[in-house]
Amino acid sequence: LLITDDLEVDGTAWFDGTVNFNISSSSLFYAQPGTAASPSFSFAIDQDTGMFRRAINALGFSTLGAERVTIDSGGNVGIGTTAPSQQLHVLQDSGDTTKVAVFAKSCGETCTGISDVDIINTRLGTSAYAFLRMQSDSDGAPDIEFIWDGDGNAGADGTWTGGGADVAEWMPSLDNNLEPG
């Protein structure tokens with residue numbers, strides 16, 4: 001069957017086999033917005049998993065009919081949240097205990113010089129910003145539990161455990177500049 005003009009299907013079209021769309025770069029392919037439960041781009045045997053338009057200029061990705069990942073109009077990516085406020089915003093369910101886990105490949109003693117997590121910052125080292133900050137916010141008032149400033153100074157709220165060790169005794173350093181104090 002060769003159709004040389006427009007073909008409009010009002011309803012569902014089923015194709016058994018390979019379907020090729022010869023779309024030139026100036027042509028467009030439009031899909032319906034879809035929802036998390038019924039994404040526009042999904043799979044024949046898993047129709048509640050896929051990609052959909054969650055809002056104007058925003059994408060959503062769903063599994064099992066629930067939105068799992070959001071990319072908003074500003075390019076922020078949300079995992080577990082539909083309103084990401086940072087470039088990468090991870091929000092856990094209240095019953096979960098781990099937000100992000102980083103696992104290193106097991107390689108025994110041959111992994112010298114390899115770390116599980118590298119935090120690379122191109123700013124000059126100053127105390128004007130926190131290089132690493134951990135805080136709790138259970139009552140709506142942020143409470144810094146641990147902070148590592150850009151100039152290398154660290155501080156913690158509370159006491160250190162492990163026989164009185166301080167940051168320098170527990171933190172590895174590439175230049176061996178950390179000293180117990």
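Patch rule first: I count residues with over 30% relative accessible area and no salt bridge, joining like charges within 9 Å and nonpolar side chains (Val, Leu, Ile, Met, Phe, Trp, Tyr) within 5 Å. Areas are Shrake-Rupley with a 1.4 Å probe, and for residues only the protein chains shown count as cover.

The model is predicted, so local features need pLDDT of at least 70 and side-chain atom pairs 80 or more, while totals for chains, interfaces and linings use all residues. Numbering starts from 1 along each chain as its sequence is written, and side-chain values use heavy atoms, without hydrogens and water.

**Surface.** I found a nonpolar patch made of Phe 15, Val 19, Phe 21, Phe 29 and Phe 41, about 560 Å² of accessible area together. Phe 15 sits in the segment before β1 (41-43); strands here are DSSP E runs of at least two residues, numbered from the N terminus. Phe 15 counts as exposed because its relative accessibility is 57% (exposed is over 50%, buried under 20%, partly exposed in between).

**Charges.** I got one salt bridge (Lys or Arg side-chain nitrogen within 4 Å of an Asp or Glu carboxyl oxygen). Glu 67 meets Arg 54 at 2.8 Å, N to O. They are 13 residues apart, Glu 67 in β4 (66-71) and Arg 54 in β2 (46-55). Glu 67 is partly exposed at 23%, as is Arg 54 at 30%.

**Sheet.** I traced an open three-stranded sheet, β7-β8-β9, with antiparallel pairing (a pair needs at least two DSSP bridges). β7 (130-136) and β9 (154-156) are the edges, each with a single partner strand. Three bridges join β8 (143-149) to β9, and Trp 148 has Ala 154 as its bridge partner in β9.

Key: Helix = DSSP H or I, 4+ residues; strand = E, 2+ residues; numbered from the N terminus. Buried < 20%, exposed > 50% of the residue type's maximum accessible area, 1.4 Å probe, protein only.
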